[in-house]
Amino acid sequence: MAETAAHLEEWTGEDVSLAEVEAALFALRRESCEETEGPDLRTSVMTHIAWVPPGWHEAAWTTLEGMAERHPSRAVLLVPGGTDNDDELAARVQVAAFALPGERRHVAAEIVELRLGSKRARSPASIVMPLLISGLPVFCRWRGRPPFGERELEELTGLADRLVVDSREWDDPAADYPRLAELFERVAVSDIAWRRTLPWRVGLAHDWPEIGSCEELTVTGPAADANLLAGWLRSRLDRDVSLALATAEEVESVAADGRELQKPPVEPLSSSELLSAELETFGRDGVYEAAVSACRRERP
Amino acid sequence: MATTQENPLLEGLPLAQTPEPCALVVFGASGDLTRRKIFPALYALALRRLLPESFAVLGAARSEWTDDEFRHQMEAAVREFGRDEFRDDVWERLAGVTSYRSLDFADDQAEDELIAYLEHVDGERGTEGNRVYYLAVPPAAMPTLVEELGRRRTTEGWTRLIVEKPFGFDQASARELNQSIWNHFTEEEVFRIDHYLGKETVQNMAALRFANGIFEPIWNRQFIDHVQITVAESIGIEGRAGYYEQAGAIRDIFQNHMLQLVALTAMEPPSDFTADSVRNEKVKVLKSIHTPGPKHVVRGQYGRGFVEGIEVPAYREEASVDPNSMAETYIAAKLFVDNWRWADTPFYVRTGKRLPRRETTIAIQFKRAPHPPFAEAAAEELRPNVLIVHVQPDEGVSLAVGAKVPGVGMKLRTVHMDFVYGGAFQVEMPEAYERLLLDAMRGDATLFTRADEVDEQWAIVDAIVAAWKRDRPAFPNYAAGTWGPPSADELLRRDGRSWRHH
């Protein structure tokens with residue numbers, strides 16, 4: 001964050017209360033104003049919650065680094081099990097100001113990282129609610145596989161307007177899609193893996209009308225992307241389409257009934273750009289929901 | 001391309017944004033506009049993959065250039081004026097579909113060859129006979145070019161005509177030009193550019209007014225004291241003496257940008273955001289603007305002065321300007337929109353060159369609170385609420401509100417709440433020409449001016465110019481680097497008001 005920010009104010013505390021976190025935010029904003037020619041602008045467009053289990057910590061911060069100036073918001077990173085003491089709440093609060101192109105003024109983004117002791121992590125909504133910016137949408141980015149049916153997921157999806165996942169981060173996405181589909185009636189869901197398939201979906205759409213009778217989709221790529229593409233074809237074409245998958249880290253090739261698609265001439269987006277695109281989407285995506293609902297585990 | 005109804009896979013995909021295959025022909029391609037705006041805009045569209053898959057650009061002008069020379073010139077222009085980082089692969093893609101033809105627009109044989117070449121391009125690039133003709137040529141060349149193109153139009157594919165300003169010199173010449181266009185093209189095929197309408201912040205005026213329930217109920221004579229619209233430039237005429245001597249500020253800015261900003265500010269909510277609905281409402285405003293009398297219009301011309309600490313010459317000392325020129329470089333006017341919503345609410349508008357800074361703003365000044373229950377001294381620094389739409393620079397909106405100064409007692413001051421575009425959304429704002437080129441290729445005329453709008457705009461200008469013929473002001477009457485002639489201040493002082501200067 002410090003590399004791109006015009007200036008950065010930071011406060012950390014162990015075993016803190018939320019009142020102390022809010023006071024720190026207020027103080028940092030004031031400090032930040034004193035360093036520039038005028039007050040930093042705080043034009044928040046949302047509260048962005050991220051559930052970040054310890055293994056995802058570095059990736060979450062990297063994504064935020066590329067995103068703050070595009071979505072000036074309050075980002076609240078919840079790190080479950082981030083302290084040794086079960087009852088403890090530890091915090092790291094940052095106000096980062098970014099220069100606006102062609103202007104003297106800066107725009108401020110706030111990041112609050114809360115490390116939750118294991119007891120505190122059981123009821124995350126009560127921790128986050130005091131920090132939500134009123135009147136603005138709440139996006140919840142869930143790192144890794146969401147614990148379907150567990151209290152923390154239920155609570156956070158209950159207060160978020162949109163849940164953002166990346167099913168590439170799951171071990172067996174085809175098995176979990178039905179669980180994800182159960183959430184659709186309660187919260188709008190975005191999947192970054194779905195966003196990555198967009199250039200391939202455009203390519204497949206261009207294959208109309210031949211694609212209309214497709215019986216088999218062959219994908220060399222991640223299981224999530226492949227399953228979503230197959231589910232999308234099944235739901236849009238209203239026919240059974242089998243999936244032949246060869247696993248790879250990125251989608252390398254897609255073929256419909258043996259006709260290989262030309263690789264899309266689009267550069268892969270960074271994790272920040274992908275999340276950024278999802279944060280600009282509001283409301284439910286019926287095409288995505290239908291695709292997820294049509295995903296299934298292929299017989300070996 | 002198949003429609004959504006035919007192809008179920010298209011639902012939800014961002015394909016509809018891409019225009020149909022077409023060839024874009026830029027007439028006047030050796031001019032400044034092509035270098036500064038059109039090609040940088042095309043490059044930005046190419047970078048974002050918003051141009052059609054089957055696409056071609058043909059530059060046409062009198063300059064004797066080869067294809068390679070033209071591409072070389074345009075590459076330099078994109079590097080200099082483009083808003084994006086230059087990428088060789090994107091440029092190669094655009095350059096690969098770009099060519100150039102040297103021609104005299106009145107030369108029958110050259111025009112025939114051009115049309116034959118476009119047919120060849122259709123075969124080679126799959127542009128399907130669809131044409132966008134961009135007429136970036138001087139007004140005098142316009143009728144001939146329109147006639148030549150009209151005579152050669154075919155029934156294959158669609159044709160769209162983008163016409164750059166100035167559209168005519170007065171109402172009579174604009175009507176004549178419209179008539180020559182309508183001899184061969186329908187009004188739906190004509191896209192008259194006013195690039196201000198392509199600016200995000202100008203479009204945001206519609207969003208601000210019609211997407212927010214809090215503003216529209218107070219957007220009327222009951223709550224608004226007056227409106228101030230400023231289009232200020234710190235630059236001089238930048239070597240455009242030939243054009244500016246004829247046009248002056250009234251034709252350069254007032255007739256088009258300024259009156260469009262008035263129309264957008266004053267118009268009634270359209271029933272939808274389609275081209276005709278929006279333009280129907282704008283033209284009603286333009287028809288309702290009553291002609292300001294001579295006392296309500298001020299013109300000026302700059303003398304020597306200092307801009308940003310640098311001494312600059314007087315207008316009459318600029319290269320190729322008549323030393324006795326009576327061209328105005330400044331105009332201010334008090335306009336009234338005679339309808340139920342705006343009766344008796346003045347719209348003060350001003351535009352000028354060599355003013356202290358570059359600024360385009362629409363300031364809506366609300367009436368004072370009827371009875372603030374504070375001591376007079378406490379509220380002496382309290383000004384009326386003003387909603388300011390910053391069109392450029394610092395694109396955004398700010399609202400001036402009264403607030404208590406912290407501390408003992410009740411002392412009030414005016415503070416600004418700012419919404420800055422770059423702060424809340426993607427940092428980079430698209431250039432107006434990108435949006436307008438794309439819209440023209442897609443056939444969406446919402447952000448272009450219709451013939452009846454242009455006609456009404458000229459009617460207002462003609463009346464002002466006719467009154468000017470009766471007197472000869474002592475020019476220059478304001479120093480470069482100041483906010484215009486003293487009579488412009490007097491225009492508002494008479495009403496107990498003053499211009500915003502910051």
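In chain A, strand β2 (residues 47–51) is mostly covered, with 5 of its 5 residues buried. The model is a predicted one, in which local features need pLDDT of at least 70, side-chain atom pairs count only at pLDDT 80 or more, and totals for chains, interfaces and linings use all residues. Residues are numbered from 1 along each chain as its sequence is written, while chains are lettered from A and ligands numbered from 1 in the order in which they are written.

A residue is called buried if 20 or more other C-beta atoms lie within 10 Å of its own, exposed if 12 or fewer do, and partly exposed in between, the C-beta atoms being placed from the backbone. Helices (H or I, at least four residues) and strands (E, at least two) are DSSP runs numbered from the N terminus.

### Chain A

Chain A comprises 10 helices and 12 strands, and 42% of its 300 residues count as buried. Two residues are in contact if their C-beta atoms, placed from the backbone, lie within 7 Å. Among the contacts in chain A with a separation of 6 or more, 80% join residues 24 or more positions apart.

Strand β2(A) is covered on both faces: A:T47, A:I49 and A:W51 are buried on one side, and A:H48 and A:A50 are buried on the other. Strands are said to pair if DSSP finds at least two bridges between them. β2(A) pairs with strand β3 (residues 74–80) of chain A in the parallel sense over 5 bridges, and A:I49 has A:V76 as its bridge partner in β3(A). β2(A) also pairs in the parallel sense with strand β6 (residues 138–142) of chain A, over 5 bridges; here the bridge partner of A:W51 is A:W142.

Helix α8 (residues 223–237) of chain A contains A:N227. This residue counts as buried because it has 29 C-beta neighbours inside 10 Å. Residues up to four places away in sequence aside, A:N227 touches A:P173, A:A174, A:Y177, A:L243 and A:C295. A:N227 and A:A174 are separated by 53 residues in sequence, with their C-alpha atoms 6.6 Å apart in space.

### Chain B

Strands of a sheet pair through backbone hydrogen bonds, either parallel or antiparallel. In chain B, 6 strands form an open sheet with parallel pairing, in the order β3-β2-β1-β4-β5-β6. Its edge strands, β3 (98–102) and β6 (190–192) of chain B, each pair on one side only. Strand β5 (residues 159–163) of chain B and β6(B) pair in the parallel sense over 3 bridges, and B:I162 has B:F191 as its bridge partner in β6(B).

B:K353 lies in the loop between β14 (346–352) and β15 (359–366) of chain B. It is buried because 23 C-beta neighbours fall inside 10 Å. Apart from neighbours within four places in sequence, B:K353 is in contact with B:E233, B:I235, B:G236, B:I237, B:Y302 and B:T329.

### Nonpolar cores

A nonpolar core is a set of buried Ala, Val, Leu, Ile, Met, Phe, Trp, Tyr and Cys residues joined through C-beta atoms within 7 Å. The largest has 121 residues, and B:I162 and B:V262 are among those with the most contacts inside it. Helix α8 (residues 241–266) of chain B gives the most to this core, with 11 residues. The core lies between domain 1 (19–164) and domain 2 (197–429 + 446–493) of chain B, because both give residues to it; the domain bounds come from an automatic or database domain assignment. A second, separate core of 79 residues includes A:A60, A:A75, A:Y177 and A:I192.

### Backbone exceptions

Most residues other than glycine have a negative phi, and most peptide bonds are trans. The table lists exceptions.

| Site | Feature | Angle |
|---|---|---|
| B:K165 to B:P166 | cis peptide bond | omega about 5° |
| B:F475 to B:P476 | cis peptide bond | omega near -5° |
| A:D15 | positive phi, not a glycine | phi about 50° |
| B:E128 | positive phi, not a glycine | phi near 60° |

B:P166 is in the loop between β5 and α6 (171–182) of chain B, and B:P476 is in the loop between α12 (451–468) and β19 (478–479) of chain B. A:D15 occupies the loop between β1 (7–13) and α1 (18–34) of chain A and is partly exposed, with 13 other C-beta atoms within 10 Å. B:E128, in the loop between α4 (108–125) and β4 (131–135) of chain B, is partly exposed with 16 other C-beta atoms within 10 Å.
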